[in-house]
Amino acid sequence: MTENSAHTESVRNEIGTLVTEDANPKYPDLAALTTAELVAGMNSEDALVPAAIEKQLPVIAAIIDEIASRMSQGGRLIYVGAGTPGRMGILDASECPPTFGTAPSLVVGIIAGGQAAVDQAVENAEDSEEAGAADMAALKLGPTDSVVGIAASGRTPYVIAAIKAARAQGAYTVGFACNNNSALGAAADTALEIEVGPEFLSGSTRLKSGTCQKLVLNMISTISMVRLGKTYKNVMVDLLATNAKLRARSERTLMRVTECDAATASTALAAAGGHVKAAVLAIMTGLPAEQAVELLAQNNGFLPAAIDAGTH
């Protein structure tokens, strides 16, 4: 037996123990089903995901508190994965600047194989432990940074190596897998293991596992930003109005939050350079936009505190 075939056999035996690789007994022959039955079946399987996540909500909340605490000290949130999990991390990271007005360097998605792997598979990238460690070294991580390693299987060599390297650099690490007792979870400070069961199409972990990853990453980034003062009540106030849709949304936000008219919202938004949070503060306190920006900075960007300071 060659070295490659021996390794393949080892991996085959390993993944044979994973729930994410099991055949789903409810759907033994997909082609035998009608399209309506297939749609209903996929929908039924997807409906199982939130219940699986619910079992781990205390763990997710604790993770978010750890991440937000470090981010409040200037740290970054890094997602790292291969294939679908890597793309999920990049998707979540890329949405933070337009939603929360953050710098692109604050929430970062790293994928095995680099940028080329975003829209096509890069052969053997997920197997490279060296690349996982090197990608973390390039980030120059520290104790205020948080790294979330994502792998449905929980065994991806690239991701495990990245988490080990990040932890060695002092970063807070999370191992997010869709199998229990995973090597990834064991390598991290905190294991987040959410079993969603066999996939509708056996082994296609872009399905339920991917949905689980998307939902959890939504929680991590959004709630961390709430803790950092990037929201006010239940609206986005740290977005920047950089296109027509965002300008319209920003004006609607100002009108909703301050109960002003459209003309006032438009004028305040322009004076604040498109910064919704500063425009809200200016309207609610009567301060000029420049002073509103300064007052926000003095209160670490927390709008309620700035409003209180500006009205007393």
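## A buried threonine in a loop

A residue counts as buried when its relative accessible area is under 20%. In this predicted model, Thr-156 has a relative accessibility of 8%, and it therefore counts as buried. Thr-156 belongs to the loop that runs between strand β3 (146-151) and helix α7 (157-168). If its neighbours within four places in sequence are left aside, the residues in contact with Thr-156 are Ala-82, Glu-126 and Ala-151.

## The protein as a whole

The protein contains 14 helices and seven strands, and its C-alpha atoms fill a box of roughly 75 × 50 × 35 Å when this is taken along the principal axes. Of the 312 residues in the protein, 46% are buried, and Thr-156 is one of the residues that count as buried.

The accessible surface of the protein comes to about 15,000 Å², and carbon and sulfur atoms account for 54% of that surface. Looking at contacts between residues at least 6 apart in sequence, one finds that 66% of them join residues that are at least 24 apart.

## Helices α5 and α9

Two packed helices are described by the angle between their axes and by the distance between those axes. Helix α5 (residues 84-100) packs with helix α9 (residues 208-227) at an angle of about 30 degrees, and their axes are 10 Å apart. Angles under 35 degrees count as roughly parallel, and α5 and α9 are therefore described as roughly parallel to each other. The crossing in which α5 passes α9 is right-handed.

On the α5 side, the contact is made by Thr-84, Pro-85, Met-88, Gly-89, Leu-91, Asp-92, Cys-96 and Phe-100, while α9 contributes Gly-210, Gln-213, Lys-214, Leu-217, Asn-218, Ser-221, Thr-222 and Met-225. Sorted by class, the residues in this contact of α5 with α9 are seven nonpolar, seven polar and two charged.

## Helices α11 and α12

A second pair is formed by α11 and helix α12 (residues 276-285), which pack at an angle of about 120 degrees with their axes 8 Å apart. This angle makes α11 oblique to α12, and α11 passes α12 in a right-handed crossing. In the contact, Thr-264, Ala-268 and Leu-269 of α11 meet Val-276, Ala-279 and Ile-283 of α12. The residues of this contact of α11 with α12 divide into five nonpolar and one polar, with no charged residue.

Thr-264 can also be followed individually, since its place is in helix α11 (residues 262-271). With a relative accessibility of 35%, Thr-264 counts as partly exposed. Thr-264 and Leu-254 lie 10 residues apart in sequence, and the distance between their C-alpha atoms is 8.9 Å.

## Two residues with positive phi

Most residues other than glycine have a negative phi. Lys-233, although it is not a glycine, has a positive phi of about 55 degrees. Lys-233 is found in the loop between β6 (231-232) and β7 (235-236), and at 71% relative accessibility it counts as exposed.

Asn-300 is a residue other than glycine whose phi is also positive, with a value near 55 degrees. Asn-300 lies in the loop between α13 (289-298) and α14 (303-310), and its relative accessibility of 63% is why Asn-300 counts as exposed.

Note on methods
Residues numbered from 1 in each chain as written. Predicted model: local features only at pLDDT ≥ 70, side-chain atom pairs only at ≥ 80, totals over all residues. Heavy atoms only, no water. Axes fitted to C-alpha atoms, helices over the stretch in contact; angles between N-to-C directions. Helix = DSSP H or I, 4+ residues; strand = E, 2+ residues; numbered from the N terminus. Parallel < 35°, antiparallel > 145°, perpendicular 65-115°, else oblique. Left-handed = near helix turned anticlockwise from the far one by under 90°. Contact = heavy atoms within 4.5 Å. Nonpolar A, V, L, I, M, F, W, Y, C, P; charged D, E, K, R; others polar. Buried < 20%, exposed > 50% of the residue type's maximum accessible area, 1.4 Å probe, protein only. Areas by Shrake-Rupley, 256 points an atom, 1.4 Å probe, with all protein chains shown as cover.
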